[in-house]
Amino acid sequence: MKSERCQNDSVFLLPHVQYIDVYRVIGDMKVLLLGATGLLGHNVLRRLLDDGHEVVVLVRRAGAIAIDGTWREVVGSLLSDADLLRAAEGCNAIINCAGITDMSLRHLSDYLPVNAELCRRMVSVCEQCGIK
């Protein structure tokens, strides 16, 4: 399964994928990475740093990522428009690797805030920040 992209390639929607072409981002960019503490996001962060991109990560708590490299950490919530806007300031792209995968949750409504509503929030943030 390939990742789905918005028309302008700035926002990558990565549902539980096996194939990711996110590594083909062209040129040095400032990228906001969501979900960097998870398995997928951690590996995307490594690749972005290896490719020389400036990376901003939005995390719930400071110091949650322990890998070599330099990135800017913004502490906040994926569900806060203000935190997303603060993290996206000056970015050229947003990559979303965040998702709730806990199979023990019993209600669809437990998954929706991150797995569905976050994508809508990201589009709004891109529009407000001029990310194309």
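**Buried residues of helix 1.** In helix 1, the residues G41, V44, L45, L48 and L49 are buried (under 20% relative accessible area, with a 1.4 Å probe and protein chains only). These residues lie on the same side of helix 1, because they cover an arc of only 130 degrees around the axis, the arc being that of the directions from the helix axis to the C-beta atoms. An α-helix has 3.6 residues a turn, so residues three or four places apart point the same way. The model is predicted: local features need pLDDT of at least 70, side-chain atom pairs count only at pLDDT 80 or more, and totals for chains, interfaces and linings use all residues. Residues are numbered from 1 along each chain as its sequence is written, and side-chain values use heavy atoms, with hydrogens and water left out.

**Surroundings of helix 1.** The buried residues of helix 1 pack against strand 3 (30–34), strand 4 (54–59) and strand 6 (93–96); contact means heavy atoms within 4.5 Å. On the face turned away from the buried side, helix 1 carries L39 and D50, which are exposed (over 50%). After helix 1 comes G52, with a positive phi near 85 degrees.

**Helix 2 against helix 3.** The axes of helix 2 (residues 81–88) and helix 3 (residues 112–129), lines fitted to C-alpha atoms over the stretch in contact, come within 10 Å and cross at roughly 50 degrees. On the helix 2 side, D81, L84, L85 and A88 meet L118, R121, V125, Q128 and C129 of helix 3.

Terms used
Helices (H or I, at least four residues) and strands (E, at least two) are DSSP runs, numbered from the N terminus. Axes are lines fitted to C-alpha atoms, for helices over the stretch in contact, and angles run from 0 to 180 degrees between N-to-C directions.
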